[in-house]
Amino acid sequence: MPVHTSVSSHHSPGKGAGLGLAIVSALAFGGSGVAAKPLIEAGLEPLHVVWLRVAGAALVMLPTAVRHRDLPRRRPALLAGFGLLAVAGVQACYFAALSRIPVGVALLVEYLAPALVLGWVRFVQRRPVTRAAALGVVLAAGGLACVVEVWSGLSFDALGLVLALGAACCQVGYFVLSDQGADAGDAAPDPLGVIAYGLLVGAAVLTVVARPWSMDWSVLAGSADMGGTAVPAVALLAWIVLVATVIAYVTGVLSVRRLSPQVAGVVACLEAVIATVLAWVLLGEHLSAPQVAGGAVVLVGAFIAQSSTPAKGSPEPVASGGAERELSARGTAA
């Protein structure tokens, strides 16, 4: 195992930075709900909030898109996929699912994405995944079940479940597409350019779906109630656009480039914990004992997966195989 040890030590600084970026991304994404909920309660439709979020972020990233104007010609499929799946798909499917199944159930189903990423890496890309990494995913999923208290609402709607699974699959697309070109050196597409054009594509798609021309724009001129405090609606929108979208996507994609899709996917599970804690502090939505315990389990699962997943191309035992089994083929090039 000396080869694996040297590879791990060589990548440890970048791995640590990647973990930090993934946590920042989870913090930023986790703060979107507590800012969006007051806007929705003030009179905006959920899809309209999503459109404002993506369109505003696309406008902020427009100069970056201009700077990388050759990217659509070089990687059109990547940009289209990122915009459709990682931006528009996740948001639209999740909000549509919420209209048919309980919030906790929808969130748990969506955050099956790390397990789906693990399956993608193992069975599609045929790259090694350790048993410990798989255990981390299982712990994270179990912890999330406690955080969202899935047992409190189990009246499933078939279409709602399909939509939530659609959000999970789109989230897999986010992690997998974020990793595209990570091993290509100087030829790798610039992650900021990918995000900028992904947001532009997502905004175009959501414009058709959300029909913003029917939105009650006067809501943005007033204030919204956040846990008994009146907050300017435009300030909440600015937070959603700049922090919960621009910073969240930038740090998220950069973290995947430094870690791997499966590790970043597990760390992203912290978003649910962060969102619940912020809702407790800012909106008065208190956590129960099982939710606190579940949050701790998610943290443990994320740590185990992050610390045990081998580097790309490293011949480690796969999650479902014996200790003596190794992959004969290395990871496919992105």
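Me: What share of the contacts in the protein with a separation of 6 or more do residues 24 or more positions apart account for?

Reply: This is a predicted model, in which local features need pLDDT of at least 70 and side-chain atom pairs count only at pLDDT 80 or more, whereas totals for chains, interfaces and linings use all residues. Residues are numbered from 1 along each chain as its sequence is written, and side-chain values use heavy atoms, with hydrogens and water left out. If a contact is taken as heavy atoms within 4.5 Å, then among the contacts in the protein with a separation of 6 or more, the share from residues 24 or more positions apart is 87%.

Me: How many helices and strands does the secondary structure of the protein come to?

Reply: Helices (H or I, at least four residues) and strands (E, at least two) are read as DSSP runs and numbered from the N terminus. Counted in this way, the secondary structure of the protein comes to 15 helices and two strands.

Me: What percentage of the residues of the protein count as buried?

Reply: A residue is buried under 20% relative accessible area, exposed over 50% and partly exposed in between, for a 1.4 Å probe and protein chains only. The protein has 334 residues, and the part of them that counts as buried is 51%.

Me: Is Ser-32 buried or exposed, and which residue has its backbone oxygen 2.8 Å from a polar atom of the side chain of Ser-32?

Reply: Ser-32 lies in helix α2, and because its relative accessible area is 12%, Ser-32 is buried. Leaving out residues up to four places away in sequence, Ser-32 touches Arg-53, Ile-240 and Ala-244. A polar atom of its side chain lies 2.8 Å from the backbone oxygen of Phe-29.

Me: Why are α2 and α3 described as they are, and what is the description of their orientation?

Reply: Helix α2 (residues 32-41) and helix α3 (residues 46-60) pack with their axes 10 Å apart, at an angle of about 125°, where axes are lines fitted to C-alpha atoms, for helices over the stretch in contact, and angles run from 0 to 180 degrees between N-to-C directions. The contact is made by Ser-32, Ala-36, Leu-39 and Ile-40 of α2 together with Pro-46, Val-49 and Arg-53 of α3. Angles under 35 degrees count as roughly parallel, over 145 as roughly antiparallel, 65 to 115 as roughly perpendicular and the rest as oblique. The two helices α2 and α3 are therefore oblique.

Me: How do α2 and α12 lie to each other, and why?

Reply: The helix α12 (residues 233-258) packs with α2 at an angle of about 150°, with the axes 9 Å apart. On the α2 side the contact is made by Ser-32, Ala-35, Ala-36, Pro-38 and Leu-39, and on the α12 side by Ala-233, Leu-236, Leu-237, Trp-239, Ile-240 and Ala-244. Because of their angle, α2 and α12 are roughly antiparallel.

Me: Within what distance do the axes of α3 and α11 come?

Reply: The helices α3 and α11 are roughly antiparallel to each other, because their axes cross at roughly 150°. Residues of their contact include Leu-47, His-48, Trp-51 and Ala-58 of α3 and Leu-199, Leu-200, Leu-206 and Ala-210 of α11. The axes of α3 and α11 come within 9 Å.

Me: Which residues does His-48 touch, not counting residues up to four places away in sequence?

Reply: His-48 is found in helix α3, and because its relative accessible area is 6%, His-48 is buried. With residues up to four places away in sequence not counted, His-48 touches Ala-210, Arg-211, Pro-212, Ser-214 and Met-215.

Me: What value is phi of Arg-211 near?

Reply: Most residues other than glycine have a negative phi. Arg-211 has its place in the loop between α11 and β1 (223-226). Its phi is positive, in a residue other than glycine, and is near 50°.

Me: What distance separates the C-alpha atoms of Leu-200 and Ala-55?

Reply: Leu-200 is found in helix α11 (residues 191-210), and because its relative accessibility is 30%, Leu-200 counts as partly exposed. Not counting residues up to four places away in sequence, Leu-200 touches Ala-58, Leu-62 and Ala-65. Leu-200 and Ala-55 are 145 residues apart along the chain, and their C-alpha atoms are separated by 7.3 Å.

Note on methods: Polar contact = N/O pair within 3.5 Å; in protein donor to acceptor, adjacent residues only side chain to side chain.
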